[in-house]
Amino acid sequence: MNESRWVLSEDRFFDPDPQQRDIARHLYRRVKSLPIISPHGHVDPRMFADPDYSFGSPAELFIIPDHYVFRMLYSQGIPLERLGIPRLDGGEVERDPRKIWQVFAEHFYLFRGTPTGIWLKQELYEVFGIDIPLTGETAQVIYDRISERLASPEYRPRRLFERFNIEVLATTDMATSTLEHHQAIRASGWKGRVIPTFRPDDVIHIRARGWRERIRTLGERTGMDIGNYSRFIRALEERRAFFREMGATATDHATLTAHTERLSAQEADAIFQRALRGEATEEDAHRFAGHMIMESARMSIEDGLVMQWHVGAFRNHNQLIYERFGPDKGADIPIAVEFTRSLHPLLNAHGNDPRLTLILFTLDESTYARELAPLAGHYPALKLGPPWWFHDSLNGMRRYFDRVMETAGLYNTVGFNDDTRAFPSIPARHDVWRRASANWLAGLIVRDVISLAEGEEMAEQMAYTLAKKAYRLG
Amino acid sequence: MNESRWVLSEDRFFDPDPQQRDIARHLYRRVKSLPIISPHGHVDPRMFADPDYSFGSPAELFIIPDHYVFRMLYSQGIPLERLGIPRLDGGEVERDPRKIWQVFAEHFYLFRGTPTGIWLKQELYEVFGIDIPLTGETAQVIYDRISERLASPEYRPRRLFERFNIEVLATTDMATSTLEHHQAIRASGWKGRVIPTFRPDDVIHIRARGWRERIRTLGERTGMDIGNYSRFIRALEERRAFFREMGATATDHATLTAHTERLSAQEADAIFQRALRGEATEEDAHRFAGHMIMESARMSIEDGLVMQWHVGAFRNHNQLIYERFGPDKGADIPIAVEFTRSLHPLLNAHGNDPRLTLILFTLDESTYARELAPLAGHYPALKLGPPWWFHDSLNGMRRYFDRVMETAGLYNTVGFNDDTRAFPSIPARHDVWRRASANWLAGLIVRDVISLAEGEEMAEQMAYTLAKKAYRLG
Amino acid sequence: MNESRWVLSEDRFFDPDPQQRDIARHLYRRVKSLPIISPHGHVDPRMFADPDYSFGSPAELFIIPDHYVFRMLYSQGIPLERLGIPRLDGGEVERDPRKIWQVFAEHFYLFRGTPTGIWLKQELYEVFGIDIPLTGETAQVIYDRISERLASPEYRPRRLFERFNIEVLATTDMATSTLEHHQAIRASGWKGRVIPTFRPDDVIHIRARGWRERIRTLGERTGMDIGNYSRFIRALEERRAFFREMGATATDHATLTAHTERLSAQEADAIFQRALRGEATEEDAHRFAGHMIMESARMSIEDGLVMQWHVGAFRNHNQLIYERFGPDKGADIPIAVEFTRSLHPLLNAHGNDPRLTLILFTLDESTYARELAPLAGHYPALKLGPPWWFHDSLNGMRRYFDRVMETAGLYNTVGFNDDTRAFPSIPARHDVWRRASANWLAGLIVRDVISLAEGEEMAEQMAYTLAKKAYRLG
C-alpha cells in the first residue's frame, strides 16, 4: 500500500503464506462475480421507489446515517452535533456538510484496522473512484469528487443496484408498514428484486415507548379492534400474509435474551390486557416476548416464512444520547447470552420440524462453539446466521469459522448477510466475506483437511447458495 | 488431495509455513509410533472378552453406534429411523445396512472440515484400505470392501488392539457393573491391557430415572441393604476396591455444574432418605451431587484412584429424541460453567493434598484461560484434561494450547484421551492430537519461545508420558 | 536456540512467514529503544529512595517475591516453605538461598512456553548476562554469576532505572501511605521520575480485615476524626490532593465485580456507620464498593486523576495458603464478569464527560469483543487497559489485539503497562509487548488492512505515545 495513492491489493486479507494465498486467490476469483444475495439488511426501500432518488451530500451518505462511523468519532470526544446528527429537540447541529466531512476526514485514522475503515476505503475506491488517502488535507478534494459523481445519473440507487449485481435485496419493515415503497417499486416496472421482511418487534415489546399507538395502527392496517390477545395474533397472521404477497420470505425478531416459554392463551391475554392498560411489568414483557418467539415459530411453520432471531443487544445504553438523538446512535451494547436452557422450550416444541427454518444471530461469541454450533449440528430447524454487527469483520469471521464450522458443519450455516443501512457499502461487505471465506477454505486445503474441489464447492455455497437456499429465495 | 483417489498427506494438519512444517514433521515422526495410552473412553469391553467378536456390517460399525455421525445427518433433516437407530418402542426403522450406508455416503459431504470427517476418512483409509472418496456413487463398492475386511480374522478387536499398538485401554463402567467382560479378558490369558474405570454417576444422581433400582443392585453387589447414607458410602468404597482389584486406576464423574459443598452426615442422610422415598427435590439432587464430589475426592485420597470430572453437558436436550431413542443420541448440549467459586469448597478441602489427582474436563472454553488454567497453575491436586467432545478437534486443540498452556504450564495437563465408543477410530484420534501437538510446538520453536530440544521432550510428554503418569499407569 | 548456549534470537516471537517477519522486524526496530513508560505497577519505591539499595540474593530477587514463579512450583507439589516464602506464624522455612535457587533451577522446565519463562530468560540474559540454560546442573554457576553482578554498583536500582531507559515509573500506594519513599526520592535530587498512584481499596472495602484500623490511620493522616461518610469522602479528597502534589496522575481501584450504583448520602452513611460498628454485611460491602466507584469517577472529574479499574480477581482463593503465608501468594483466580449492565449507572453518570479517563482492566477475555470494545468504541470517558496478569503474554496479547482493536479502535486503548513487582523484569515485559505489537501490525500490513506508514505510526503509539497520553504524563 502506498501512501500517496491508495491501491487495493488484489490479494488483500489473504494469509501471507504463498501456497495458501495462491489457493485463496483461486477460490476468490471463482466467486467474486457471483450475484449478491442480500437476505437481511436495513436499506431504505424508498431509494428504489423513486427513480430519481439522490443520496445527497457525501456527509449525508457516509456519516450522518451510519452509527458505525460516528460512534468511533464520538468515543474520541467529538460531539454528535458537530457531525450533523439531528437532535430530537431540534437543537443546533452542524449543517454544513463540508465541515462535517472535514472533521470526519481528519479523524479517519481512527478507523485503522477496523471493518468500517475497510468498507469505507473500498467503497470510496471502487464505487467512487477515489484513489488518494482520506485525510484532513485531501478532504475537500475528495468531497468534490464524490459530490460530482453523486450528481450523475449513474449514481441513482437503481443503477447502482444493477452495477452491484444484486440478485435480491431484503429490507426490514415494521409489522405496521404499508410497504408503500415496495408497492411503488412493483408498480414502476423496474426489475430489481427488493423484498420486505416482516419484523414485528415494535408490536411485540409491550413496554416499549409508543406500543399502544402501534397496536392502534396495527388495528387500522387490519381493520380490527385489537382489544385482546387472540385478535393480536390474528392481526399478525394477516400482516404476515400481506408481507408474503409483497414478496417477503422471512421474518426478523430481536430480543435481549434468548428466553422462550409457552404461555397459556389466558396468561397471554392477561398480560396483553395489562399492556393495553399500561400496567405491564418488566417480567410481563420478558415472558410475553419469550412466548411470542414460540408463536412466531408456530406461524412460520404454517406460512413458510423463514424466521430470523437476533439476540443479545442492550439497546440505547447511553441515555443521554438516546434522549437527545434517539435510537440507533451507536450505543447498543452486547450482553452475554444463555441459549442451551433458554431455547429448550422452543426447540422441544418446534426444533424437530423440518418445515421451520430458524436462523439465529448472536453477539456473544462465547456461545458459538459452546452452545450454538452443538445445537445447530443437531436440530433440523436450526441454522446459524453469519457473524453479526461488531463481529462482521475479518477477525469476527475468522473466529466464526474457527468455532462454528467443526461442530455445526458448513451446511447448517446460511452464508452471509450484510445487515447494512449503507447501500453503497454492500459490495464491499460481501467482498470481505468472500475473501475471508476463500482464505479460510484455503487454510483447510493447504492443511489437507479438505480437497481443492471440496473447497471450490464450499466457496460457492458461502458466497451464494447457502443464503439463497436458507432464505427460500430460489 | 486428489478427487478420484484419496491420499492422506504426510504433512496433513501442519501449518503451511515451510520452516514450521519441517519442524512439525520432525517432532511428529518422533512420536507417531509411540504406544497409545487410552486412559478414558467408552469402548465396550465385550469386544475383547470374546476372541471371535465381530463388528457386524459397516453400518453397525460406523453409523448406528456413533452419535457424532448421525447427529449431523439428523440436523439436515434425515430421520434417525432411516439410519437404523433402534426405537425404544420397537417401531419400524431401516434394517438394511446397505441402505443406511447409502444415505450416509450421499451425505458424507456434510462432514467436510469436521473432526468426524477427519477421523472417518483416516479410519477408512488406514484401517480399511479405502482409497477412493466416499460418495453416493462409491457407497456400495466401499461397503463391499469394508464388509470383506470385517469378515477376516485380522479385523477381530484383539488383533486390531495389537495392530493399533495400544498399551492400555480404559473403559468406563457403572458402579454396579460386575465387570464380567473384564473378568473374561483376564481369564482368557490374552495380554491386552483393558482396565475398567469406576463411574458412580448412576447411583449418585438421585433423581435420575431408575435410581432406586440401581441402589438395590448396588446392595446386591455388595451384600448390603443400602437403607441409609453411611451404607451407601460403604458400598461405594467396596465397589472402588473391587474396581481397583480389576485394574482400575481412575474414577469418572459427570455433573451439570461444578457445584461443590460438604453436607453434614445428617443432611446427607436426610437427602438420601428422601431420595429413597422418591421425594428428593432438584435442590436436593444438586446439593447431593456437589457433596458426593467432595466425598469422591476424599475416597481418592484414601485409595489412590485418580479422579476425573466432566462438567457442563446438558443431557438429552431433545425430549422427543430421548423418548423415542434414549440417551446418547447426539442431543447433549454444553452450558456455561462457573468454576472459581464452585470449586472453592472442594479445593480448600483437598486441593493442597498431593495424594489427590483431580482431572477436570470442560465444554466451556471461556473458562480455559479465565478459571481453569489459573487454578491448575496453583493447586497441586488439579490437572486439566484435554479438549473434550466437541472440542476434540484441530481447532479445539489449537484453542486449548493457546489458552491453557501459558498459565497452567504443560506439566499441569495430562496429554490426550480419545473418549470414544468407536474402537477403530482410536488411532486416528490420537494421530490428530499428535499432529496438532507437533504443529503447536513447532510454532513455539519457530518463534523462539522454546528450543528444539525442549519441543522434542514436550512432544513425547504430550503423546505418551503425561497421560501415563497422570493416570498412574506406569 | 541452542541447548548449550542460550541465544535470544533477534526475531523472536515474530511469525515465521518471511514477509511478515521482515515487516515486524522493521517496526520493532523503530520502537525497541523508545523510553519506557511504566504507568502502572507494583515496584517498591524504597529501592529508589535508598541509593545503596541492594536486591539481596538471586533467590530474594527472582523467587521469594514473585508469585508468578512460586505458584507454578507449588502446583507441582513443591511446598512454599522449601522456596523460602515466609510463614506468618514464623514457622520454619528454607533460609539458604542457594538451596532455594537449586530447587527453582531443577524445575525451570515447568516454565516452558509461559510468559514467566520468557521474562526470566530474557532478564537473565540481558540484565545479568547469563548465556547458558538454567538447569539443575548449571544452577550454582549461574547463582554465582548473578550474585557477583548484584554486588556491583551497576546493579543498584537507580542505575538499572537509567540503563532501562525508563521515562516514568508509577508505583501503587495505599491511600494511607505517607509516601515517605517518594519524598525521599525527591529530596535526594535523583532525577528518575518515580511517581505514586492513589489506591484506596484498603479503606473502601469495608469488610476487609483491618479496615477499622486503616480508617483510623486515614484519620491520622488527614487530621480528622472519620466518624461518618462525609468526612470519609473529605479525607479521600485530601489524600488525592496530597498524592497529586507528589506527582500522581492516576488512581487505581480493584473490585470483584463491575457493579456500580449511586447510593444516597444517607444510605452511604448508614452503611459506613454499620461498617464502623463491624456490622456491615456482604451486601453492604458490595453496594458500598459500587458506590465508591461512582464517587471516585466524580472526584477524578474534579481533580483530573486518571482512574484505573481492575475487575474480577477472586483474591486468596486458597485459604490454607492465605492463612499460612498471607495475600499475593499466587492464589488469586479470575471470575467471569458482566460489564454492560453493571457499568450502566456509572457510564450514564460520567461516561460522556471528556474530563474523565477511566481505564478498564479485565481477566475475563470473553468480555473483550462482547462488552468492553463496544463500550470503549462509544463512550468518550472509557479506555481499555492492556491484557492483564495471566493475559500479559504472547497469546494473551494476540487475543487482545484480535478481539479489541476492530471494534474499539487502537486509539481507545492505552498501550502497555507491566504491572510488575519485579523491577528487573520491566524491560523484558515491555520488549514482549513491543515485539507482539510489531508482529500484529505486520500481520495487518501484509494482508493490506493498513499501510506500512500507518503501521509505523501505530507501533509508536503502542510502545510509547498512547500510555503517555492516557495517563496524562506528557
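Biologist: What rotation superposes chain C on chain B?

Modeller: A rotation of 120°, with 0.0 Å of shift along its axis, and the RMSD is 0.0 Å. Copies are superposed by least squares on the C-alpha atoms of residues with pLDDT of at least 70 in both. Mind you, this is a predicted model: local features need pLDDT of at least 70, side-chain atom pairs count only at pLDDT 80 or more, and totals for chains, interfaces and linings use all residues. Residues are numbered from 1 along each chain as its sequence is written, while chains are lettered from A and ligands numbered from 1 in the order in which they are written.

Biologist: How do you know that chain A and chain B are related as by a three-fold rotation axis?

Modeller: A rotation of 120° with 0.0 Å of shift along its axis superposes chain A on chain B, again with an RMSD of 0.0 Å. The two copies are thus related as by a three-fold axis. They use different surfaces, too: 5% of the contact residues of chain A recur in chain B.

Biologist: What makes two residues count as being in contact?

Modeller: Their C-beta atoms, placed from the backbone, must lie within 7 Å. By that rule, 41 residues of chain A are in contact with 40 residues of chain B. Helix 17 of chain A gives the largest share of the chain A side, seven residues. Helices here are DSSP runs (H or I, at least four residues), and strands are runs of E, at least two, all numbered from the N terminus.

Biologist: Why is helix 18 of chain B called mostly covered?

Modeller: A residue is buried if 20 or more other C-beta atoms lie within 10 Å of its own, exposed if 12 or fewer, and partly exposed in between. In helix 18 of chain B, 12 of the 15 residues are buried, including Tyr400(B), Phe401(B) and Arg403(B). Among the neighbours that the buried residues pack against are helix 18 of chain A and helix 18 of chain C.

Biologist: How do you know that the span of helix 18 of chain B agrees with what it should be?

Modeller: The expected span is 1.5 Å times one less than the number of residues. The 15 residues should therefore span 21 Å, and the end C-alpha atoms are 20 Å apart, which agrees.

Biologist: Where does helix 18 of chain B bend?

Modeller: At Phe401(B), by about 25°. That's the angle between axes fitted to the seven residues ending there and the seven starting there. Just after the helix, Gly409(B) takes a positive phi of about 80°.
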